[in-house]
Every structure is written in structure tokens, then in C-alpha cells.
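Dear colleague,

Please find below the structure that I am handing over to you. A summary of the findings follows it.

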Amino acid sequence: MGEPVTEMCDQLIKAVNVMMDAESSQIYRLEALKFCEEFKEKCPFSVQCGLRLADKAQTAVVRHFGLQILEHVVKFNWNNMPQQEKVHLKNCAMDLLSTGTYPILEEESHIKDVLARIIVEMIKREWPQHWPEMLKEMEALTGTGEAQTELVMLILLRLAEDVITFQTLPAQRRRDIQQTLTQNMESIFIFLLAILQIHVDEKECFSSTRSSIHDIFAKSHCRVGVATLNTLAGYIDWVAVTHITNDNCRLLEMLCLLLSETELQLEAAECLVIAISRKGKLEDRKPLMLLFDDVAMHFILSAAQPAVGVVDRHYTFLKRLCQVLCALGSQLCCLVVSLATLALLFTVPANLSKYMEAFLAFTTHPSQFLRAATQITWGTLFRHEILSKDPVIIEMTIKCSPTSFRAQQGEVVRNACRIVPLEAFQIAAEWLRYQISTPIDIGTIVCSDCLAGAKTAEGLCSILSPSAVQWDAMTFFTESVVAQIFKNVEDEKLPVDQGIELLQAVLNYNTRDPLILSCVLTNVSALFPFVTHRPQFLTLVLQKLFASITFEVVDESKAPRTRAVKNVRRHACSSIIKMSRGYPQFLLPCFDMLYDHVKKLFSNEALLTQMEKCALMEALVLVSNQFKDYAKQKAFLEELMATVVVRWTSEEMRRVLCDPALFLAFVGADQQVPVGSEDTTGINRSRLSFCVYTILGVVKRARWPSDLEEAKAGGFVVGYTPAGAPIYRNPCTHQVLALLPNLLALIRTHNSLFLPENMCRLSDMFSKAYDVIEVEKNVVLGLPQPVLDIYDSPVYKTQLERMQGFFCTLHDNCYHILGNAGPSLQQDFYTIEGLAEQIVGSAFVSLDNRVFLDISVRVFMKQLVVSCPPEYYDSLLCPLLGPLFSYMQLNMRWQIINQRSTDSGEEDEACEENQVTQEMLEEQLVRLVTREVLDLLSKSTLEEEMMSTESPALTAAPTQGTGELTELGKCLVKHEDIYMTLLTISFSSLSWKDTSNCHRTASMVCWTLLRQVVGENLLPDAVIWFYTSVLKGLQMHGQHEVCNSALTQLALFIYDNLRPRNVELRAVMTQIPGVSVEALDQYDQQLLDPNSLPRLGEKKRKDQFKKLLAGTVGKALGQQFKKEVHIRNLPSLFKKSKPEKRDILETCETGTLTEPV
């Protein structure tokens, strides 16, 4: 045997060196790898080779490969090895631990790791039944040196990770090992703490003397200390809290002391984070509050003191220490409130101020991560019922009001303001006054060719300018503070005079810098609630906002506006809408002034954009709702929309909107526009957009009074339903209904543009006019939007980008109008003669060719389904939903995507980047449309209570019979063609590549729909199709536990309910790979003749059925070629098993890994 082993070892050494040699060619490396892998699988003397290669005399890479061979033997050959060979291999592995390694500082970390893995793999197979002395042998090893002690720590850590964290072994073995560990945990912790204490003391002893040899000894003991702390971290997370708090919290005390040891403080802090973050019974966690004692707090504060730099290991330690303080704060909040309700009252710690000072130090640290990490805990403290009233917390609330904020601090600011609202307002007022009085600092020009440099060269702030940053921070803070003032301070105590004084200062502040002006407008909006107490200032506020609506950096500028300028104008419009929506009654006395000003602005067509015009019109409509007089409001709306009605209903517009060719010519999409020349059709697009925007604004905003008596008095109520509910009429109904025919014509024409005969009409310049615009594409693909240049770059758009934006916005707004028409016009909309046919003939044209199908589903059909009264289900919704679901052709789209995935391996390298991006975009669009369609299907058919139970974390499928159909669902299933379409979509979606859709549909939709016909005679082909669709879903998504559970439950329902009448299902089951025919017969017998066999419990039946389906469950790509590891169960130590239930695969050997004497 010796000579073959030697020869094989020589070949293996050569192969390993070839694989690891950077100069080796790819062919030689692959051949060497193949040789090594074949050796592992087939060589009969792999143990002998592995031991010889693992000898210390070999190089590190050869030793590592030798140890890998031994690990492979244990993992894959252990079950077939004779007992004597197991004992021999175990003894050899223990010898390697004792004498087979170099000193601790010289040995390679990957050698230590693979040695630990070998021992752990043996432990997983033999301990405690066949290796009862394992823990004692490990303890004895620690007495032979630092290297062996470190290896023992690695073994114990790896064991805990495999058994508890990753759970990489069968349930019974895991249970045996975990219970044995738990029984011995007290002694394990005593052992670990003793090792830690010994080696920390030795390290201190050797560190106190200055010599090179002592320095080596100190580093060796430090290495053991680090390994021990890492091992403790692997156990602290799951052991009983009593082990952590034993002996008057000795473990926590040691960890706090180690915070002062530079080499060990990081690992000690990680252990503390895990320990303090533990959940469990409150009385068990109470000892953790020992960390608020003077000694522990002293060491925590001392460790944070030299926290000046933000470099490397020390910065990582600071992050862990910050987590310690955050976890300590969370435990304090938990215990103070909860224990106060029990007989275990835990009072606020006496030295809470020390803790808060340490916490405040991290909040003001230069590191953004450390500052952000404290925010959640600050919010918890400020919300706390008891702690928020403590004088220390109140004092810290004022101190911690920072000088720069962003969204992540918003919740903290709001909670702080709730505690000390008036003090916070004083800070905001002082900060606002300071910003107003401080000259604008645009900062230095960093580079002449960057956008920020270009802006500062013009004398304007960039987004990075000091003043812009300070104004933005102050504005955010002021906005948060003022909002809380009006929620938490009584009216008589409101600082109205001071608020009005601040508002006056803001109104009098003038700037031509768009970034600063945008902040000024936000402050005006934030302080506006004070105006309700001083109405005389309303006119000044409106003047400021109207002046900003027409803001320009350079008067009468012909150049494109920057985004910052456009944002100022949009901001002013939004502020007016916000005021009109929030305080319409307050603005009503100024309505005439508002209307006159708007008409004056409208007189110059080029002064405002179409969106800005529509925003002002929306504000007017919102205020007009306070007329509470139907006739007066109707007259106003007729006057407001007169221009739009004339233009929209003209004969010329009707011809344009009805003919795709005329429409393309009208908007200029069939023309070539030379570069630099004027776009003569731009005015047509602008006017068309204005009409659509106006219709949308009026439909969205015009409403009747919310109070029934006021509505009746104003003439808005025209009758009552049979149930007694009032029927309202909207003052905009007459105008909107007059505009609706041409709107539907526009939708039909727009959808027809995707037909091939109309696509060819586009000019070469606009051939991509229907493509997804870049911004939408980034949103769909989840790509981040650019940040730094968003305010600085002029909005230069190409002709193509303008055309793409026009088509996209026009399409969206049309469907928004239809979506809002139902809730707004109510019965006047639902009773339009032939409405369903008109919508099908317009909104559903060319569904299979369009890009953004989800818009029509989300903003139109969902709103229609939610708002439509039951009496119109048959006349409106059924004629709409049937064709919509039929036209989608989602199954064909998913087949194309699946085919791409199959073929991609051959073409990926040849694909250009643009083609790959386009395919990704198309796939994501199909995925979004699918989700919208299935969500619409769910809303249409399922009760709201059932749908509300959906959660991403849902792991259990619903029980049989829980799903109930809505009234609309019952109406839909009466139509056989619609019902079959719903079933087809639902069951087909189970095998589409979208796990969230699969889970939702399998757990809530499929069975709810199918159970309606369970008692009827279904065609055998239909039954087979339903069942195989579920099995295909298991093949596609079965590797995901949540989907697996839902699909298995669905398959069980179908089989149990349809199998008695459909013997064809048995034929389907027999085709499942690896199915046991005997087990299938047994299950069928219990199902068809329950009295013939002992009745099984529901859980056992489900488990039995799940085993029958096991062959259909697909594997993830990463698991498909992975060799399986089989670990046999050993006789249970904690539950006596019945002889007849013994596993037939279990070995008959009863030998142990202890060598006989």
C-alpha cells in the first residue's frame, strides 16, 4: 500500500502546484483540477493520502488540500466507513490538532479553519452518542498550548454556527446536539470565561515587560483572547439569558473591562451588542441594567474618549460601541415601561445623565454613520411615556437639536418637538433669523468645468454651496417644528406674535438665487398656519407666491430654465394648491382677487407653462368648492373652462383626435425638424396638453360639500338610493360630459398609434417617440437618479425627448381622467349610454402592443372597480373586465421571457449592452403589468378582509374555505367566459418567474375561484391542466419555502376535492419523479375510503402529501449541481424511539469513536 500512496501523493502535489501556479495555462489548470476531484471521489486510499499531504513538512497549499481530502471523506464517505477506520481517522485528526500545526502566530488561518471543519463534521455525525468525551478532550487540548486553544475555540464556534445559525444538519441530529450543548452550557461558559481570563492576564503580564520574546508571547495570548471572544459571540445570541447574567453578571463585567484593551475592545464590544440586544422575559433581562452602574459606564465612556479619528479598526470599534449604547437605550425603554406594570419596578437609573452624555457625543460625532445610528434610539426615548418626562431627557432634548438635518432625522425632530415644542420653536426662530441676516455664501469654485463650478461662477448657489446647505437644513428643521407646535400646544399658548414676526421677515426677504428662494417658499408654507390667526397677512403671502410663479433668473430669458428655476415656480404653484386644499374656507374671501390675478397671468400665453396654468386652476376649483352653491359653482366652472370647451369640441379638433394620421401631423411626429430650426407644431402639443390637464384638474378637484345638510341646501343632492344614501351631482358634470367623447376618441387614437400601419408614419427623427423615457426607464429598472446636477443644469431637451414626454404624459393624464370620472361624476358617469362599449373601443384598443399597460390598469380600472356601485356591475364592469383580462396575453409574454432565459447562454457574449438593457426593461415591464393585473383580479373577486392579510412575511397558506368572493366576484363567475379567463390567468401565473405573484395567487386567489365549481362535473382535461399548473409552479418556485407552502396547500386542496371524481389525477401523480406508488396508494385509500385505515392527523396527512410531491420541487441554480451531504440519525438521547419505527437507513453499528483499551 505504501508505494501506491507515495506515487499518488506525488501526483497530487504536482496537480496542486499546477492549480496554484499563476503561470499555469488554463488547460493544465483544468486538467489538474479534474484529476484532484476524481481522486476525491474514487481513490480507495484517500485517507492515507490526505494524512500524508497534511503533514507539517509540506507547503501550506499542499497541507490545505490534504486536509480538504480528509474533510471530503468525513462529509461524503463517513456512513460507509468501517468503525475501525472512523476511530483511526478521528485519532489522526486529534493528533493533527495536538502536534500537526505550527505555533499560533505562524500557522496560516485557512489551515486552522479546515482543521476545525474536519472535527466539527465528525461531531455532527457522532456526538454525543458515540463520542461522549468530546468536550473533555477539547478541554484537555487547551492545556497543550495557545495554538491548540485557538483551534478549540474555532471548533466550538463552528459547531454553534452549523447547529444553531445555519442549521446544516437533519432535525433530529440538530436537536440532539443542541440539547446536549444546552445541558452542558453552564460548564461551557465557565470554561470559556476561564480561558479568557487566563489569556488576558497572561497578555497583560507579558505586555508589561519590554522584550521581543515577551512581545511574541503577549501577541499569542491576545490571539487566543480574540478567538475566545468570537466564540462567546456565537453562543451569547441563543443561550439562556441566565448564562449571561450568572455570577452577578461576571461576563458583562469582563466585557466592559476589555473595552479599554485596544487589541480586544472590538470583539468585546460585539459581544456586548449581542448580549444587550437579547429579547426574552423582562425579569430575565433586568440584570442587563447593571451596565448603567458607575463602573461599567466609566469604561464605556473611557473607551469612547479617544474617539477623534475615523480610521480603520478603531472606527469599526466606535460603530460597535455606538450600537452598544443604542441597544442599552432600547432595553431601558422596554424595562422602565413594562416593569412599571409588574411588581418588578425598575426606576430610571441615577446616572442616566452619564449615559446621555455618551450618547450625545456619538450624535455630534463627525461620522455621518455614527450620527445616523443614534436617531432611532433618540426617537424611542422621546416617545417614551416615562423617560420623555425625565429632566435629564428634557435637557438633552434641547441640547441635541442639531445644526444640520435631513430626512432620516425628521422623526427625531418631531418627537423632540413634542416634548419641548416652545423651546424647539425658539431654536428654529433664532436659526431662521440668522439665515436671513447672513449674506449668501456661494462657496469656492472647485473646478471650472463642473456644473457646480459653473453655477458659482454665475454668482448663484449650487446644491453644495454653504448657504444652500444651511438654508436647506434650517428649512427642514423649521418645517418639522412648526408642524408639531400646532399639534401639541394649546391655541391660547401658541406663539402667534413671534410666528407672524418670522413670517414678515421671510416675506420681506428677497433673493434671486433659486435654491435659496425655494427654501424661502417652504418657510412661508410652514409658517402659514399663523396667518389663520392674523388674516390681514393673507394678501402679502399670496403676493409673494404669485411673484414666485413667474420667477426668472434673467428677465425675459429665452434660454431654457434650469431645474432650480422650474422647481421654484412649481413650488409656488404647489404652495397655493396646498393652501387651497388645507384652508379653502379661509381663502374664500380672497377668491375674487385670486381669480383676477390668475386671469391676468393667463392673458400672456407664454408666461406660464401648461402645468403651472393647470395648478392655478386647480387651486381656484378647490376654493370654489366652498361656495356651497351648485348654480354659482357651475357658472364659475363654465367660465373657467370656456376656452378649453371651445377648443376641445371644435370640428377641427374632433377630426384631429379621431384620425391617427391627422393626429401625428398635428403634433409633428411625422415631420423632420432640422436642428436649430423652430418647432412649429410645439404650440399644438402645448394647447392639447393644456386641455387635458384642465379636464383632469377639474375632475379631480370639483366636489360637493361633505356635510349633507349643506349639500342639500346648495342644490347638490338630487335623490336617494334604495338604501337611503344620498345621490349627489357634481357642478362640473355638464362640462366634463361634453368633453368626454373627444377624450375617448383621443385615447382610441393614441392607442392606435402602436399599430404597425401607424408606426410607419413616424418620421426618422421620432421613430423612438413611443419608447419609455429615460426617467421612467430608470425607475422601472431600479437605477438611481442623478443627484448633484439636478438643480444646476439647464433643461435642454432634444426634439425626441420632448415628443416622448408629450406622448407619455398625455397617455397617463387621459387614464387619470377616466379613473377620477367615476368617483367625481358618480351616477352621471355610470349611466352614460353604451359607456362600456365606448371604453372597450378606446381604452382597450391595441392592448398587446402598448408599453405602459400598468397605467391603464392601476389608475383607471382599479379606481373604477373600487368606486362603481353594485347596480352597475352587470352593465359596466363585467363588459370591461372580461375583455381586459382576455386581451392581456400575459402567458405569451412570459413564455417569451422564459425562452430568452433558456437561450441566453449561447447569446450573452454576443449581446450588446443596449440589447441586454432593453430585454431587462421589457421583462420588468411585463412583471409590473402582471402584478397590476393580478392585483386588479384580486380586488375584483376577493373580500377586502382576506386581501388585507397579505404580507411579504406570510409563511402559511390559508386554510380550505377561507376565501370568499366579493359581490363583483360572484357577478363575474356567472359569466362562463370571464370565469374561465380568470381561472386561466390565475393558474398560469403560478409558473411565471415572479415569486411574489406566485405566492399571492396560490395562497389567496386560485382555490377561491376553483372551489366555485368543485361540485360540478369538470372536463378531465381541465382538471389535469389545473393540477399540472400547480406542479409547474412547484417546479419553478418550490425552492422558496413561502411559495412551496402555498403551492403544496393548493395542490392538496385540488387533489382532495377533485380526486374522488377524477381518476386522471392519479395518472398525473404517477408521473412525478421518484414518487412512491405504494405511498400514493395508501394516501388514495385514506382519501377514498377513510374507514379502511387508521385515521391520520391533518399535519401527518399534509406531510405525507408533501413527500409525494417532493420530486416536482425545483432547485435553485446554485443548488442544482451541489453534491448532497447525508448525516444519519443516531439513537435519540432524549426520547426513546419505538423499535418498529427505526430508520431503515440507520447503521446497526453501536460502536463509539472511543478506542477500546
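**Findings**

Of the chain's 1157 residues, 50% count as buried (buried means under 20% relative accessible area with a 1.4 Å probe, protein chains only; exposed is over 50%, and partly exposed lies in between). The model is predicted, so local features need pLDDT of at least 70 and side-chain atom pairs count only at pLDDT 80 or more, while totals for chains, interfaces and linings use all residues. Residues are numbered from 1 along each chain as its sequence is written, and side-chain values use heavy atoms, with hydrogens and water left out.

The secondary structure comprises 56 helices and 2 strands (DSSP runs numbered from the N terminus: helices are H or I of at least four residues, strands E of at least two).

The largest nonpolar core contains 205 residues, and Trp 648, Phe 663, Phe 807, Phe 987, Tyr 1027 and Phe 1105 have the most contacts inside it. Such a core is a set of buried Ala, Val, Leu, Ile, Met, Phe, Trp, Tyr and Cys residues joined through side-chain atoms within 4.5 Å. Apart from it lies another core, of 123 residues, including Leu 97 and Val 412.

Leaving aside neighbours within four places in sequence, Tyr 1027 is in contact (heavy atoms within 4.5 Å) with residues including Ile 1054, Met 1069 and Phe 1105.

Thr 681 is found in the loop between α35 (660–667) and α36 (682–701). Thr 681 is buried, with a relative accessible area of 6%. Beyond its neighbours within four places in sequence, Thr 681 contacts Ala 665, Phe 666, Val 667, Gly 668 and Gln 671.

Yours sincerely
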